[in-house]
Amino acid sequence: MEDLEQLVTTPTGRAWLKEAGPWADEKIRPSPRHDMTNFTIRETRIEDCDIDPRKIVGTSHARYNRGMTWREFLAYGQRIKTTLDVLETNPEYYEDPKGYATDTEPWHLLEINGELYIFTGNHRSVVAKFRAHEEGRIKQRVWSVDRLVVSKVAKRQYHELQAEYLLGGRDWGPKRELISEAGSTKQYRIFVDCILHGLNPNVHRLPLADAAAVVRKRNRVGKAVLNFPISLWNRLFK
């Protein structure tokens with residue numbers, strides 16, 4: 001803590017550093033968007049909106065999501081000293097970023113199943129998060145949010161599909177097909193391109209919801225043949 005105190009010089013920053021609750025020692029999580037994209041069934045872009053900064057849990061910025069805590073960010077954020085200085089001298093910048101911002105970088109976040117991840121505006125987001133937790137300012141205007149709905153059912157279905165393949169069977173991961181678009185909202189269906197066990201090497205495009213059942217039916221004879229020696233051994237010698 002002593003090293004951090006030497007790096008944080010503004011009154012508000014020092015107060016947060018010393019007095020922030022246990023939440024400030026949680027690690028800043030990496031954004032899971034890359035891993036979740038193909039399981040996302042709905043995306044909505046929301047412009048010029050309010051968020052609750054307490055729901056910010058991580059960032060896509062590799063400098064900050066590899067073990068740094070929120071409290072440590074107050075000392076080690078790349079431009080955090082300037083950010084905290086602005087908070088003392090020009091706090092309206094944080095009340096209305098579009099109206100008072102002196103730079104052109106948008107403040108954009110991702111919302112994945114109710115949790116917020118910073119895409120741009122890391123320093124502003126950290127300030128907003130401390131203000132929300134420590135000062136009760138739980139409404140923050142930002143430039144935009146991409147709200148994603150990730151299907152846990154689809155993730156489970158894909159896991160179940162992997163267990164149904166025989167040797168030589170595989171797919172290239174889940175993919176998405178746009179099925180509807182209304183305003184800023186897009187809806188997707190998830191499918192897989194499978195190569196199945198057997199003499200037919202053709203690619204089979206299957207809806208993910210049906211894929212495990214189709215592959216199971218296709219492989220039932222092959223699995224019976226493969227399991228026969230084990231079954232016979234167990235009957236004869238156990």
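**Exercise 1. Where is Asn 113 found? Work out its setting and its backbone.**

Keep in mind that this is a predicted model.

- Step 1: Asn 113 sits in the loop between β4 (108–112) and β5.
- Step 2: check the backbone. The phi of Asn 113 is positive, about 50°, even though the residue is not a glycine.
- Step 3: check the cover. Asn 113 has a relative accessible area of 41%. Since buried means under 20% and exposed over 50%, Asn 113 counts as partly exposed.

**Exercise 2. Find out whether Asp 48 is in a strand or a loop, and describe its phi.**

- Step 1: Asp 48 belongs to strand β2.
- Step 2: its phi is positive too, at about 45°, and Asp 48 is not a glycine either.
- Step 3: with a relative accessible area of 35%, Asp 48 comes out as partly exposed.

**Exercise 3. Move along to Cys 49 and trace what it touches beyond its sequence neighbours.**

- Step 1: Cys 49 lies in β2, which covers residues 40–51.
- Step 2: its relative accessible area is 12%, so it is buried.
- Step 3: The C-alpha atoms of Cys 49 and Val 142 are 5.7 Å apart, though 93 residues separate the two in sequence.

**Exercise 4. Decide whether Ser 144 is buried or exposed, then list its contacts.**

- Step 1: Ser 144 is part of strand β6, which spans 140–150.
- Step 2: Ser 144 has 6% relative accessibility, so it is buried.
- Step 3: leaving out neighbours within four places, Ser 144 contacts Arg 45, Ile 46, Glu 47 and Asp 48, along with Trp 107, His 108 and Leu 109.
- Step 4: link this to Exercise 2.

**Exercise 5. Which residues touch the most other members of the largest nonpolar core?**

- Step 1: this core holds 33 residues, and Leu 109 and Phe 130 touch the most other members.
- Step 2: see who contributes. The elements that each supply at least two residues include β2, β6, α2 (11–19) and α8 (122–135).
- Step 3: zoom in on Phe 130. Beyond four places in sequence, Phe 130 touches Trp 16, Ala 20, Trp 23, Ala 24, Trp 70, Arg 71, Leu 74 and Glu 135.
- Step 4: look for another core. A second, separate one has 21 residues, among them Ile 190, Val 192, Leu 196 and Val 215.
- Background: nonpolar side chains tend to be buried together in soluble globular proteins.

**Exercise 6. Describe how α2 packs against α8.**

- Step 1: get the geometry. The two axes come within 11 Å and cross at roughly 60°, and the crossing is left-handed.
- Step 2: name the residues. Thr 12, Trp 16 and Glu 19 of α2 meet Val 127, Phe 130, Arg 131, Glu 134 and Glu 135 of α8.
- Step 3: sort them by class. This contact has 3 nonpolar, 1 polar and 4 charged residues.

**Exercise 7. Zoom out: how many helices and strands are there in the protein?**

- Step 1: the protein has 11 helices and 10 strands.
- Step 2: of its 238 residues, 41% are buried.
- Step 3: for contacts between residues at least 6 apart in sequence, 70% join residues at least 24 apart.
- Step 4: the accessible surface is about 13600 Å², and carbon and sulfur atoms account for 52% of that.

Key:
Residues numbered from 1 in each chain as written. Predicted model: local features only at pLDDT ≥ 70, side-chain atom pairs only at ≥ 80, totals over all residues. Heavy atoms only, no water. Helix = DSSP H or I, 4+ residues; strand = E, 2+ residues; numbered from the N terminus. Buried < 20%, exposed > 50% of the residue type's maximum accessible area, 1.4 Å probe, protein only. Contact = heavy atoms within 4.5 Å. Areas by Shrake-Rupley, 256 points an atom, 1.4 Å probe, with all protein chains shown as cover. Core = buried A, V, L, I, M, F, W, Y, C linked by side-chain atoms within 4.5 Å. Axes fitted to C-alpha atoms, helices over the stretch in contact; angles between N-to-C directions. Left-handed = near helix turned anticlockwise from the far one by under 90°. Nonpolar A, V, L, I, M, F, W, Y, C, P; charged D, E, K, R; others polar.
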